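Hi there,

Here is the structure I promised to pass along. Have a look at it first, and then read on for my notes on its side-chain contacts.

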Amino acid sequence: QVQLVESGGGLVQAGGSLRLSCAASGRFFSNYVMGWFRQTPGKEREFVAAIFWSVGRTEYADSVKGRFTISRDNAKNTVYLQMNNLKPEDTAVYYCAVRKLGNNEYHYWGQGTQVTVSS
């Protein structure tokens, strides 16, 4: 089992920035993919960004491309989501998740952290 602990959510004005953190514990391997998702009540869970741990390759949803940056700290087994130029529509609960290369399903999830962007 992999445990994921998220932090960094909060309140921010439109145009502001936040950085989310997700620390992984347990058995963690370089063939894992760490991703961020978000969900608003009444809406589908939405993919935000992911990073391939072994090489640092990243991918982003079109809605956040150019504004959000995902990165990792190899020594700390921690992934970050730097969110700039935040918009009210970015308001959601953000979840960190982990999957293995070759498996499209994210099996491990964090508890979620609330991000609220005011207009």
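Which kind of contact do the side chains of arginine 38 and aspartate 90 make? They meet in a salt bridge, with N to O at 2.9 Å. Arginine 38 belongs to strand β4 (residues 32-39), while aspartate 90 sits in the loop between β8 (78-83) and β9 (92-100), so this contact ties together parts that are 52 residues apart in sequence. Both arginine 38 and aspartate 90 are buried. Please keep in mind that this is a predicted model.

**Salt bridges**

The whole structure has 4 salt bridges. Aspartate 90 also takes part in one with arginine 67, where the closest N and O atoms are 2.8 Å apart. Arginine 67 is in the loop between β6 (57-60) and β7 (68-73) and aspartate 90 in the loop between β8 and β9, so here the parts tied together are 23 residues apart in sequence. Arginine 67 is buried, as is aspartate 90.

Another salt bridge joins the side chains of aspartate 62 and lysine 65, at 3.1 Å from N to O. Are these two residues buried or exposed? Aspartate 62 and lysine 65 are both exposed.

**Aromatic rings**

There are 4 aromatic pairs in the structure. In one of them, the ring centres of phenylalanine 37 and phenylalanine 47 are 5.6 Å apart and the planes stand at 75°, so the pair is edge-to-face. This pair links distant parts of the chain, with phenylalanine 37 in strand β4 and phenylalanine 47 in strand β5 (residues 46-52), 10 residues apart. Phenylalanine 37 counts as buried because its relative accessibility is 8%, under the 20% cut-off. Phenylalanine 47, with a relative accessible area of 25%, is partly exposed.

Phenylalanine 37 forms an edge-to-face pair with tyrosine 106 as well, at 5.0 Å centre to centre and 80° between the planes. Again distant parts of the chain are linked: phenylalanine 37 is in strand β4 and tyrosine 106 in the loop between β9 and β10 (108-109), 69 residues apart. Tyrosine 106 has 12% relative accessibility and so counts as buried.

What do the ring pairs link into a cluster? The members are Phe37, Phe47, Tyr106 and Trp109.

Best wishes

How values were computed: Residues are numbered from 1 along each chain as its sequence is written. This is a predicted model: local features need pLDDT of at least 70, side-chain atom pairs count only at pLDDT 80 or more; totals for chains, interfaces and linings use all residues. Side-chain values use heavy atoms; hydrogens and water are left out. Helices (H or I, at least four residues) and strands (E, at least two) are DSSP runs, numbered from the N terminus. Buried means under 20% relative accessible area, exposed over 50%, partly exposed in between (1.4 Å probe, protein chains only). Rings of Phe, Tyr and Trp (its six-membered ring) pair if their centres lie within 6.5 Å; planes under 30 degrees apart count as stacked, over 60 as edge-to-face and the rest as tilted.
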